[in-house]
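This report describes one predicted model.

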Amino acid sequence: MRTAVVVFPGTNCERDVVYALGVLGARADLVWHRETDLSSFAGVILPGGFAHGDYLRTGAIARFSPVMDSVKAMADAGQPVLGICNGFQVLCEAGLLPGALVANRDLSFICRPVHLRVESTDSILTRSATVGDVLEIPLNSYEGNFVVPEADREALHTVLRYSDAQGGVDDDANPNGSFHNIAGVANRRGNVAGVMPHPERAVEDLLGSTDGRILLESYLASLAPIHV
Amino acid sequence: MKIQVEITRRPGLRDPEGATAARALRDLGFTSVSDVHFGRSIVVEVDGDDRDQALTDVEDMCRKLLANPVLEDFTVEVLD
């Protein structure tokens with residue numbers, strides 16, 4: 001069961017994702033954003049970077065890349081669709097996830113490990129974790145500040161929130177000003193998820209943390225056999 | 001024909017650039033500043049001379065690409 005890792009012009013975390021999935025024993029293939037047929041893949045990951053240079057808005061142009069029709073079709077079919085960092089921004093722009101990501105509260109680029117508390121296990125990102133688990137994973141973004149209009153707040157499916165090392169969620173533990181400390185959300189069905197920090201950068205002891213594994217393992221556990 | 005598009009952050013949603021600029025202005029002594037709102041100004045040049053059609057088209061462009069309806073409001077007007 002292969003994963004497609006989409007490469008837009010300006011994406012730069014695609015090889016990290018392929019490597020991390022390989023560490024977990026899974027196969028992933030890079031797919032150029034002009035590809036229109038993802039039928040041989042069981043799931044798709046939109047990795048981090050600066051798709052189309054982040055011109056206009058993060059994710060605004062990527063949303064119209066040819067591959068996105070197939071990504072939407074997979075989302076509709078219930079297959080796992082995961083956006084990491086810039087990929088999360090693309091999924092929001094595409095309307096596959098609610099809200100949007102704007103500049104960090106303090107207008108600074110944040111690149112450091114943060115703690116995340118698991119809020120829901122009803123998603124492809126968290127199904128193998130336990131509610132209340134605290135994970136340490138690197139954050140690496142300027143536009144990671146999650147905002148959501150009031151009308152969409154009730155239906156929000158929060159899966160990960162920024163916390164302190166003990167799992168306490170308050171403003172001090174909020175690195176970028178995100179609404180409700182939200183670091184990751186999913187659609188209602190749970191098969192489309194976005195996360196701002198990078199689980200693929202926390203899969204080996206050498207990297208300082210292996211806490212990203214449980215999130216990628218959740219994704220891999222969500223892949224169902226497909227008939228090609 | 002040139003169409004001016006003004007895109008602004010919807011009220012009630014955070015505008016970190018605006019908040020930071022407001023703070024800096026107050027630090028500079030402009031104590032009357034209560035808030036600052038950042039936006040984006042775009043000029044779209046279109047062929048033809050049907051103003052209503054041009055405005056309708058550019059509004060459609062805003063909804064589809066130039067603005068993010070989750071975050072932003074927009075206005076369009078013909079530049080003479």
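Two strands are said to pair if DSSP finds at least two bridges between them. Helices (H or I, at least four residues) and strands (E, at least two) are DSSP runs, numbered from the N terminus. The model is predicted, so local features need pLDDT of at least 70 and side-chain atom pairs count only at pLDDT 80 or more, while totals for chains, interfaces and linings use all residues. Residues are numbered from 1 along each chain as its sequence is written, chains are lettered from A and ligands numbered from 1 in the order in which they are written, and side-chain values use heavy atoms, with hydrogens and water left out.

**The sheet of chain B**

In chain B, three strands make up an open, antiparallel sheet with the order β2-β1-β3. Because β2 and β3 (72–79) of chain B stand at the edges with a single partner strand each, one side of each has no neighbour in the sheet. From one strand to the next, the twist averages 20 degrees; axes are lines fitted to C-alpha atoms, for helices over the stretch in contact, and angles run from 0 to 180 degrees between N-to-C directions.

Strand β1 of chain B comprises residues 2–9 and pairs with β3(B) in the antiparallel sense over eight bridges. The pairing of β1(B) with β2(B) is also antiparallel, over seven bridges. Some residues that stand opposite one another are listed below.

| Residue | Opposite residue | Strand of the opposite residue |
|---|---|---|
| Lys2(B) | Glu45(B) | β2(B) |
| Gln4(B) | Glu77(B) | β3(B) |
| Glu6(B) | Thr75(B) | β3(B) |

Helix α2(B) lies across β1, β2 and β3 of chain B and runs at about 155 degrees to β3(B).

**The interface with chain A**

Contact (heavy atoms within 4.5 Å) links 17 residues of chain B with 23 residues of chain A. The two chains bury about 1,500 Å² between them, 61% of it on carbon and sulfur atoms; buried area is the accessible area (1.4 Å probe) that two parts lose on being put together, summed over both.

The rule finds one salt bridge across this interface, a salt bridge being a side-chain nitrogen of Lys or Arg within 4 Å of a carboxyl oxygen of Asp or Glu. Glu72(B) and Arg57(A) form a salt bridge, with their closest N and O atoms 3.8 Å apart. On the side of chain B that touches chain A, the elements giving two or more residues are α1 (16–27), β2 (39–45) and α2 (51–66) of chain B.
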